[in-house]
Amino acid sequence: MARIVVVGSINMDLVTRTARRPAPGETILGTAFDSVPGGKGANQAIAARRAGARVDFIGATGTDVFAGALRKVLADNEIATTGLRTIEGSSGIATIVVDESGENSIIVVGGANAALTELTEADRSIIADADILLCQLEIPVDTVIEAARHARAHDTLVLLNPSPARPLPDELWASVDIAVVNEGEAARLDSELGAVSHVLVTRGGAGASYRGPDGEFTHPGVPVEVVDTTGAGDTFTGALAAHWHEGPDTALAWACAAGALATTAFGATAAIPAAAEIERVLHS
């Protein structure tokens, strides 16, 4: 069982379903609304845990009405939360609009995630003992850099999902062993990704591709009936991390199956599949 530590965001997703997404300045009627725990960090942590890894989470919630539900979803998924702190004020929030094709638009407000500005000695110890450090960019970049530098110093692999995409300092890229990006992020970060040993590019229903020391290869998509794409990329990344120790080919197969299954139900965390579900797809 791989040991993964996620340093990242946890949000409450406020999800509205509509027949189509509105044009600028347009008001339309929605068909359903729900509040669902999410955030790229929490989604990836839950995906890694359900795919079979042992997972620690380092992050922050606020003191608002959402904090209890956010902590509960981690506890319910048996994720260690000694690194989860409470910050006075709002928890992270994501406003999500999902159309009838399952495509989404998302606005994220950092809240407590933006206050995760430093690591404690206990956090550093968790990172040093892990097999993989998994990070995204919904927390301050300086904290990601600090975590990655500490991981590199203690032979913990660093897996970065550089999303939301932005220019990043060379100091961070120098500590990254594995990067997971979608096609748009791959195009935007093309020159920076050249310094990363292992790069995986997700391609939606077409699967994903790998480039690394073992060469280049692709894994086809898994045909499914798409309901909601929210969290599919995070599910891919978490499952990949959980099975990276089995090699890139096996890890990519797990990730593609998990990511596809995550689109077949509504809500990011609710749709994340368990290991048994992923194995059934892999063996079918």
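Let me start with what I mean by a pair: two strands pair if DSSP finds at least two bridges between them. Helices (H or I, at least four residues) and strands (E, at least two) are themselves DSSP runs, numbered from the N terminus.

Hello everyone, and thanks for coming. What you see here is a predicted model, in which local features need pLDDT of at least 70 and side-chain atom pairs count only at pLDDT 80 or more, while totals for chains, interfaces and linings use all residues. Residues are numbered from 1 along each chain as its sequence is written, and side-chain values use heavy atoms, with hydrogens and water left out.

Let's begin with a hairpin. Strands β6 and β7 run antiparallel and are joined by 6 bridges. Within that pairing, Thr-95 faces Ile-107 of β7. The hairpin has 5 residues between its strands, and Gly-102 there takes a positive phi near 95°. β6 has another partner too: β2 pairs with it in the parallel sense over 7 bridges, with Asn-11 standing opposite Gly-92.

How many residues of β6 are buried? Here, buried means under 20% relative accessible area, exposed means over 50%, and partly exposed is in between, using a 1.4 Å probe and protein chains only. The count is 5 of the 7 residues, so β6 is largely enclosed by the rest of the structure.

Now please look at β4, residues 54-61. This strand is largely enclosed by the rest of the structure, because 7 of its 8 residues are buried. β1, residues 3-7, pairs with β4 in the parallel sense over 5 bridges, and there Val-7 stands opposite Ile-58. β4 is also joined to β5, residues 80-86, by 5 bridges, and these two run parallel. In that pairing Ala-60 has Arg-85 as its bridge partner.

The C-alpha atom of Thr-61 is separated by 8.5 Å from that of Glu-88, and the two residues are 27 apart along the chain.

Leu-133 has Val-158 in β9 as its bridge partner. β9 then runs parallel to β10, with 2 bridges between them, and Leu-160 is partnered with Ala-179 in β10.

A word on backbone angles. Most residues other than glycine have a negative phi, and most peptide bonds are trans. Glu-78, in the loop between α2 and β5, has a positive phi of about 60° although it is not a glycine. Glu-78 is exposed, at 58% relative accessibility. Asp-155, in the loop between α4 and β9, also has a positive phi of about 60°, and at 72% relative accessibility Asp-155 counts as exposed. As for peptide bonds, the one from Ser-163 to Pro-164 is cis, with omega near 0°. Look for Pro-164 in the loop between β9 and α5.

Next, the largest pocket. On a 1 Å grid over the protein atoms alone, a pocket is an open set of points where a 1.4 Å probe fits, with protein on both sides within 12 Å along at least five of seven lines; lining residues have an atom within 4 Å of a point. About 1,100 Å³ of space lies in it, where grid points are joined across faces, edges and corners, and a volume is the space filled by probe spheres set on the points.

Which residues lie nearest the centre of the largest pocket? They are Thr-229, Gly-231, Ala-232, Gly-233 and Asp-234, out of 46 lining residues. Helix α8 gives the most to this lining, with 5 residues.

Finally, the cysteines. The structure holds 0 disulfides, a disulfide being a pair of cysteine sulfur atoms within 2.5 Å. Cys-135 is buried at 1% relative accessibility, and Cys-256 is buried at 6%.
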